[in-house]
Amino acid sequence: MKIFNTPNNSNTITGFILLGFPCPREGQILLFVLFFTVYLLTLMGNGSIICAVRWDQRLHTPMYILLTNFSFLEICYVTSTVPNMLANFLSDTKVISFSGCFLQFYFFFSLGCTECFFLAIMAFDRYLAICQPLHYPTLMTGRLCTNLVVSCWVLGFLWLLIPIVIVSQMSFCGSRIIDHFLCDPGPLLALTCKKAPVVQLVFSTLSAVPIIILFLYIMGSYALVLRAVLKVPAAAGRRKAFSTCGSHLAVVSLFYGSVLVMYGSSITEHKAGTQKMVTLFYSVMTPLLNPVIYSLRNKDMKKALWKFLRI
């Protein structure tokens, strides 16, 4: 990576500057307390799901194994941004090193891609369980579940590796100020010395492909699930199916609703304020809300959590 300084900042800046949420010192401290609380609640909520599934033998099924991995993913996802955000709230310089910036860039987007893949295989699991109930135990075996989980992690971390490496080797000019709370491709590409429309196009395309294709797959799967559920004669059976699938659909709606707004179009056309708020929602608020959604709408999970908390 080549960095070219402007004359007035060549001796003071040692990395990119993340502006975050500019406000007076008192406001920065208030934001620190707020996001620190959100971070702790997110760790506790997702960690509780992992522990509850681990302790309750009845939940050692593919659906809950996928949910456990998803909860661990959410912990990693929020950890890729919030700790650095918290440090910036208390920092006077708000500087992030070049290597730190691109490490955050890589892990944040790799974990985001992994989440897209996980939501898709969770929809696939519900499709098999509801549309093929008699064949589900033989189709969704422990081996297939493990293979799907490993595939999600591997694909997620390889999907954007090459374009991120290319961006990291580009030359950057000017103030190196990023009007964001993380190293996002839009603000980063805006700081390059030469505009690289091909790189922008490749990154936008690779970001949009898993989002759009997997979203369409999930919606198609749940259309088939809905058709199968409506054919169930017993009302209790329909309620149980809707309860199980409703949780997942709520999580899909929260995540994809905000991500499609952000990356369904060009990554450089959104205003800084819009970028911050939308990114904040799907990267911080969604991991916080997911444990609440899954626990409130799932009786087995509520029982397991209550059993775990009483230990």
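The S-S torsion of cysteine 173 and cysteine 193 is about 100 degrees, so this disulfide (a pair of cysteine sulfur atoms within 2.5 Å) is right-handed. The S to S distance of cysteine 173 and cysteine 193 is 1.7 Å. Cysteine 173 sits in the loop between strand S4 (171–172) and S5, and cysteine 193 in the loop between H8 and helix H9 (197–230), so the bond ties together parts 20 residues apart in sequence. Helices (H or I, at least four residues) and strands (E, at least two) are DSSP runs, numbered from the N terminus. Cysteine 173 is partly exposed, at 29% relative accessible area. Cysteine 193 is also partly exposed, at 31%. Buried means under 20% relative accessible area, exposed over 50%, and partly exposed in between (1.4 Å probe, protein chains only).

The model is predicted: local features need pLDDT of at least 70, side-chain atom pairs count only at pLDDT 80 or more, and totals for chains, interfaces and linings use all residues. Residues are numbered from 1 along each chain as its sequence is written, and side-chain values use heavy atoms, leaving out hydrogens and water.

The whole structure holds 2 disulfides. Cysteine 101 and cysteine 183 form one of them, with sulfur atoms 2.0 Å apart. Its torsion is about -130 degrees, so the disulfide of cysteine 101 and cysteine 183 is left-handed. Cysteine 101 lies in helix H4 (residues 98–131), and cysteine 183 in the loop between strand S5 (177–178) and helix H8 (185–190), 82 residues apart. Both cysteine 101 and cysteine 183 are buried.

In sequence order, the bonded cysteines of the protein chain pair 1-3, 2-4. Cysteine 113 is in no disulfide; its nearest cysteine sulfur, that of cysteine 116, is 6.0 Å away. Cysteine 113 is buried, at 6% relative accessible area.
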